Amino acid sequence: MALHLHVPSCVGRFNSNFTSLSAPKVTTFATLSQSQSDSVNWVNATSTFFDQDKRPIMLFDGVCNLCNGGVKFVRNNDLKKTIRYEALQSEAGKMLLRRSGRAPDDISSVVLVERDRSYIKSEAVLKIMEYINLPFPQLAFLLQFVPLFVRDFVYDNVANNRYTIFGRSESCEI
């Protein structure tokens, strides 16, 4: 079951059938949390997103050409349809950002949200690679040995310049 929220500014959400998957090796660097200034428990508020469909949700910048290309790449290499997709700018995306302890308008990073944890920046990319087809899980295994601060430094430099280098669209296009 896909997230069904009306989002007028973003169209083209991916919906795919549920496919069971074996649990890949898990390491976590971002955890689900509740902001001190936020009285809503966003983990509980978004738990319905995982009630009938346990697959993780990849949050991406829906107007970023690089990000949309990344989603297409993941979709094309995720033959078992193990990942769902949602734009960071959508209402569901904003709710899932809050669930992950991030500001609802923070579009600075791809985020992978699982039922019990979230991943950001390079950790999200490596975790996504674990879910898709060969040789990406093996590549993710090797890249985990690169220190996190180095991976995130490279990630941040690409993310901070993504519109300049790759451009942006006026609406979510995937």
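This is a predicted model: local features need pLDDT of at least 70, side-chain atom pairs count only at pLDDT 80 or more; totals for chains, interfaces and linings use all residues.
**Entry 1: helix H4.** I looked up how far H4, residues 121-131, is covered. I found 8 of its 11 residues buried, so I call the helix mostly covered, taking buried as under 20% relative accessible area. The buried ones are Ser122, Glu123, Ala124, Leu126, Lys127, Ile128, Met129 and Tyr131. I then checked what covers them. The cover includes three strands, E1 (57-60), E3 (111-113) and E4 (118-120). It also includes the helices H2 (65-76), H5 (136-143) and H6 (148-160).

**Entry 2: the largest pocket.** I noted a volume of about 700 Å³ for the largest pocket. Its lining has 31 residues, and I listed those closest to the centre: Leu66, Val110, Val125, Tyr155 and Val158. I also recorded the elements that give two or more residues to this lining, namely E1, H2, H4, H5 and H6. H2 has the largest share, with 6 residues. Sorted by class, I get 24 nonpolar, 4 polar and 3 charged residues in the lining.

**Entry 3: nonpolar cores.** I turned to the largest nonpolar core, which has 23 residues. Met58, Val74, Ile83, Tyr85, Leu112 and Ile128 touch the most other members. I find at least two residues of this core in each of E1, H2, strand E2 (84-87), H4, H5 and H6. H4 gives the most, 5 residues. I noted another core apart from this one, with 10 residues, including Phe49, Phe50, Leu97 and Val113.

Notes
Residues are numbered from 1 along each chain as its sequence is written. Side-chain values use heavy atoms; hydrogens and water are left out. Buried means under 20% relative accessible area, exposed over 50%, partly exposed in between (1.4 Å probe, protein chains only). Helices (H or I, at least four residues) and strands (E, at least two) are DSSP runs, numbered from the N terminus. Contact means heavy atoms within 4.5 Å. On a 1 Å grid over the protein atoms alone, a cavity is a set of points where a 1.4 Å probe fits but cannot get out, and a pocket is an open set with protein on both sides within 12 Å along at least five of seven lines; lining residues have an atom within 4 Å of a point. Grid points are joined across faces, edges and corners, and a volume is the space filled by probe spheres set on the points. Ala, Val, Leu, Ile, Met, Phe, Trp, Tyr, Cys and Pro count as nonpolar, Asp, Glu, Lys and Arg as charged, and the others, Gly among them, as polar. A nonpolar core is a set of buried Ala, Val, Leu, Ile, Met, Phe, Trp, Tyr and Cys residues joined through side-chain atoms within 4.5 Å.
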